[in-house]
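Points are grouped by topic.

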Amino acid sequence: MLLLALLAAGCRASQPLDDVSETLGADAGKGDVVTFWDDHGGFHGDGSAFLQIQFEDGEFLEAVRQSPDWSPLPLPRTVTALLYGLEEDGCHIGPMVYGEDRSPLLPPVENGYYFFLDRGNKEDGASVLGRPSYNFTAAVYDEDSCTLYYVELDT
């Protein structure tokens, strides 16, 4: 019985804030989830996830500032294309994670930090935008509103 209880406790589904904290290297546990959805359930786990997390104190911001995995805005070209879309030389790229009306999920953020993790197959040497599938995690922290926007995409 004790073994079954330990196994059941160890097999609990992880909470979204725990997963976000682990991925981003900053504790998001004190934040309040404003929006959350996860539609990963497609072929081989394809899908996307989105979280909007509101913070009341500066603890998360301090962790972000001290982390080597976060960078101050502005976003680089590739991340801009993936999250907001980009118009270059008459070609439109992205956004790759979007709302029902195909507009970017994330609002424009002027002051803050971003995190980007390319989880795709890098063996062919192609940049994220040059691959046939997208597998990445991205986050943008808005310093002005103390809001974290977190997205995952797996295609």
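The side chains of T147 and S145 are joined by a polar contact of 2.9 Å. The model in which this contact is found is predicted.

**T147 and its surroundings**

- T147 has a relative accessibility of 2% and therefore counts as buried, the limit being under 20%.
- Beyond the neighbours within four places in sequence, the contacts of T147 are Q52, I53, Q54, V140, Y141 and D142.
- D142 is also the bridge partner of T147, which lies in β8.

**The sheet**

- Strands β7 and β8 run antiparallel and are joined by eight bridges.
- These strands belong to an open sheet of six strands, in the order β1-β2-β8-β7-β6-β3, with antiparallel pairing.
- At the edges of the sheet are β1 (32-38) and β3 (70-72), each of which pairs on one side only.
- From one strand to the next, the twist averages 15°.
- In general, strands of a sheet pair through backbone hydrogen bonds, in either a parallel or an antiparallel manner.
- Helix α3, comprising residues 59-66, lies across β3, β6 (112-118), β7 and β8, and runs at about 60° to β6.

**The loop between β6 and β7**

- S133 is located in the loop that lies between β6 and β7.
- With a relative accessible area of 27%, S133 is partly exposed, because this value falls between the limits of 20% and 50%.
- The C-alpha atoms of S133 and L153 are 9.6 Å apart in space, while the two residues are 20 residues apart in sequence.

**Nonpolar cores**

- The largest nonpolar core has 21 residues, of which L75, L83, L106, F136, V140 and V151 touch the most other members.
- Two or more residues of this core come from each of α4 (77-83), β7 (135-142) and β8 (147-154).
- Helix α4 gives the most to this core, contributing four residues.
- L106 touches F50, L83, Y84, V140, Y149 and V151, when residues up to four places away in sequence are not counted.
- Another core lies apart from the largest one and has 18 residues, including L17, L61, V64 and Y141.
- In soluble globular proteins, nonpolar side chains tend to be buried together.

**Aromatic pairs**

- Seven aromatic pairs are found in a search of the whole structure.
- The rings of F60 and Y141 have centres 5.5 Å apart and planes at 45°, so this pair is tilted.
- This pair links distant parts of the chain, since F60 lies in helix α3 and Y141 in strand β7, 81 residues apart.
- Both F60 and Y141 are buried.
- W70 and F115 form a further tilted aromatic pair, at 5.7 Å centre to centre and with 45° between the planes.
- W70 is in strand β3 and F115 is in strand β6, so the pair ties together parts 45 residues apart in sequence.
- W70 is buried, with a relative accessible area of 5%, and F115 counts as buried at 4% relative accessibility.
- One aromatic cluster is formed by F55, F60, W70, F115 and Y141.

Key: Residues numbered from 1 in each chain as written. Predicted model: local features only at pLDDT ≥ 70, side-chain atom pairs only at ≥ 80, totals over all residues. Heavy atoms only, no water. Core = buried A, V, L, I, M, F, W, Y, C linked by side-chain atoms within 4.5 Å. Buried < 20%, exposed > 50% of the residue type's maximum accessible area, 1.4 Å probe, protein only. Contact = heavy atoms within 4.5 Å. Polar contact = N/O pair within 3.5 Å; in protein donor to acceptor, adjacent residues only side chain to side chain. Pairing = 2+ DSSP bridges. Axes fitted to C-alpha atoms, helices over the stretch in contact; angles between N-to-C directions. Phe/Tyr/Trp six-rings, centres within 6.5 Å; stacked < 30°, edge-to-face > 60°.
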